[in-house]
Amino acid sequence: MTAHTWWLLLILTVAIAALIYLINSRLRVHPFVALILVSVGTGIAAGEPAAKLAGSIEEGAGGTLGDVGVTLALGAMLGRLLSDSGATDAIARALVARAEPRRLPWLVGAAAFVIGVPMFFEVGLIVLLPLIFSVARRMEEQGGTKGSPYVLLGVPAIASLSTLHGMLPPHPGPLTAMTGLHADLGLTLGVGIVCAVPTVILAGPVYARWIAPRLPDVAPDAELVAQFTGAERQPAEAGTPVPGARAGAEAPRRTGVPTGLAVAAVLVPVVLMLLRTLAETVLDESSGLGAALVFAGEPLVAMLAGFVFALGVTMFGSARSGSGHSGGSGHSGRSGEETRASLTDSLKSIAAILLIIGGGGAFKQVLQDSGIGDAIASAAEGAHINVILLGWLVALLLSLTTGSATVGIVSATGIVAPLIGDGGGLEASLLVVAIGAGSLGLNYVNHAGFWLVKESFGMDLSQATKTQTAVQTLVSVLGLAMALLLSVFA
């Protein structure tokens with residue numbers, strides 16, 4: 001390593017420190033602005049020509065958003081449609097209906113796993129709160145449960161939702177990392193699911209059985225429980241936000257969506273993406289069927305197909321509700337204007353995420369064009385650092401210090417991308433999983449999800465640390481362990 005290489009690595013270190021300072025200092029600079037400022041400063045310090053620097057920022061931000069932005073927008077609207085139509089509610093209630101008490105944590109975890117495919121962590125948890133509260137209240141009345149039933153059921157939901165949010169496309173973090181590392185979509189989905197299942201089991205139902213007896217006093221506010229578990233929730237009540245919840249999120253209203261259609265609506269994008277990988281592996285390049293499946297499995301097309309299908313499910317559910325076939329719920333269905341307003345609101349919730357992703361893309365491109373990426377690769381080669389472990393650690397530290405999992409993922413992706421060359425293959429997909437897992441760990445008071453869990457379940461800081469922080473750290477470590485285990489076959 002030359003003196004210039006060391007200088008570039010020092011610039012990178014200062015850039016990361018500056019990013020953390022700008023976001024966490026009294027200035028409270030928005031992460032997008034902080035990333036752009038750091039990108040400019042890094043490029044100048046590394047000696048990138050000023051004329052080229054602006055182009056690097058535009059190329060990085062525009063290229064990343066071009067790959068990811070529209071897909072995420074469709075995903076956000078898909079999740080909102082499934083919530084508004086009652087599809088997710090139908091899935092959750094079908095899974096736990098008349099189940100034995102000892103199986104309930106596993107079934108709630110399974111419901112959260114399915115619902116977590118298209119939904120962000122916060123939205124998915126709010127969607128599940130009525131189910132968790134109603135079942136937990138029933139367990140309280142029956143007695144015989146060791147510890148808090150709310151913890152027993154809430155922990156598996158937190159584990160499933162956070163695992164999918166951090167480790168599996170089409171969620172923002174994994175999708176951004178996949179794009180930056182040029183990882184194969186189908187392969188990333190496949191290894192993500194393989195890593196996610198044991199992670200969810202151990203951090204969810206298994207940990208819940210251990211921690212619930214140690215937190216016997218955890219119980220949400222009685223008024224909040226009553227709001228979400230009322231036999232008939234009026235629209236005004238269903239729209240009341242949970243303390244700490246993202247604006248616009250609301251409890252799902254019950255409609256006439258059949259469970260089979262609800263499951264299909266959730267799985268359409270994932271199935272299309274997996275079929276694309278199968279077609280690329282099995283079918284000949286000249287095959288018409290193969291070409292059609294490859295096209296349908298493109299993230300943008302798959303999410304569009306899922307959105308259109310979910311829109312049909314929403315219309316079907318509204319029609320059943322309006323004609324009085326929704327089991328006596330009393331709702332008159334949703335009008336087209338209500339649906340459009342809801343979709344518009346769902347896009348507002350991802351605007352900040354899209355900007356951060358664009359800023360991260362700019363930072364990544366500046367690292368590459370300024371030569372810092374080559375310096376990182378040279379240093380890692382000399383130190384023999386495991387790239388999967390490095391990606392996980394960088395994402396963990398940046399997520400912890402900035403309070404943003406998205407910042408952790410996009411920054412870590414830019415730092416480790418030079419280490420795998422052109423990307424692709426199993427290693428790139430495992431690195432996506434590891435970076436996503438790293439962004440979840442040590443989730444504490446500077447993360448919005450921590451406060452959502454704390455306030456929703458009526459916990460104090462200590463109890464929230466033993467649930468939300470502990471669960472997501474378990475998910476993070478177990479995700480890394482699974483990625484390292486599978487890397488043996490890379």
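Okay, let's start with a pocket: helix H3 gives the most to the lining of the second largest pocket, with five residues. Before I go on, this is a predicted model, where local features need pLDDT of at least 70 and side-chain atom pairs count only at pLDDT 80 or more, while totals for chains, interfaces and linings use all residues. Residues are numbered from 1 along each chain as its sequence is written, and side-chain values use heavy atoms, with hydrogens and water left out.

A few words on terms. Helices here are DSSP runs of H or I with at least four residues, numbered from the N terminus. A pocket is an open set of points on a 1 Å grid over the protein atoms alone, where a 1.4 Å probe fits and there is protein on both sides within 12 Å along at least five of seven lines; lining residues have an atom within 4 Å of a point.

So how much space lies in that second largest pocket? About 420 Å³, and by volume I mean the space filled by probe spheres set on the points, with grid points joined across faces, edges and corners. The lining has 23 residues, and Gly 180, His 182, Lys 364, Gln 368 and Ala 417 are the ones nearest the centre. At least two lining residues come from each of H3 (50-85), H8 (172-180), H16 (351-369) and H17 (372-383). By type, the lining splits into seven nonpolar, 12 polar and four charged residues. In that count, Ala, Val, Leu, Ile, Met, Phe, Trp, Tyr, Cys and Pro are nonpolar, Asp, Glu, Lys and Arg are charged, and the others, Gly among them, are polar.

The structure holds three of them, each being a side-chain nitrogen of Lys or Arg within 4 Å of a carboxyl oxygen of Asp or Glu. In one, Arg 80 meets Asp 345 at 3.2 Å, N to O. Arg 80 sits in H3 and Asp 345 in helix H15 (residues 336-348), so this pair links distant parts of the chain, 265 residues apart. Are the two partners buried or exposed? Buried means under 20% relative accessible area, exposed over 50%, and partly exposed in between, using a 1.4 Å probe and protein chains only. Arg 80 is buried at 11%, whereas Asp 345 is partly exposed at 21%.

Another salt bridge joins Glu 298 and Arg 276, with the closest N and O atoms 3.4 Å apart. Glu 298 is in the loop between H13 (288-296) and H14 (299-322), and Arg 276 is in H12 (residues 259-282), so the pair ties together parts 22 residues apart in sequence. Then there are Lys 454 and Glu 455, which meet at 3.1 Å, N to O. Lys 454 is buried at 13%, and Glu 455 is partly exposed at 34%.

Now for the rings. The search of the whole structure finds four aromatic pairs: rings of Phe, Tyr and Trp (its six-membered ring) pair if their centres lie within 6.5 Å, and planes under 30 degrees apart count as stacked, over 60 as edge-to-face and the rest as tilted. One of the pairs is Phe 133 with Phe 457, edge-to-face, 5.9 Å centre to centre and 85 degrees between the planes. Phe 133 lies in H6 (residues 121-142) and Phe 457 in the loop between H21 (448-456) and H22 (461-486), so the pair ties together parts 324 residues apart in sequence. Both Phe 133 and Phe 457 are buried. Ring pairs also link these two with Tyr 150 into a cluster.
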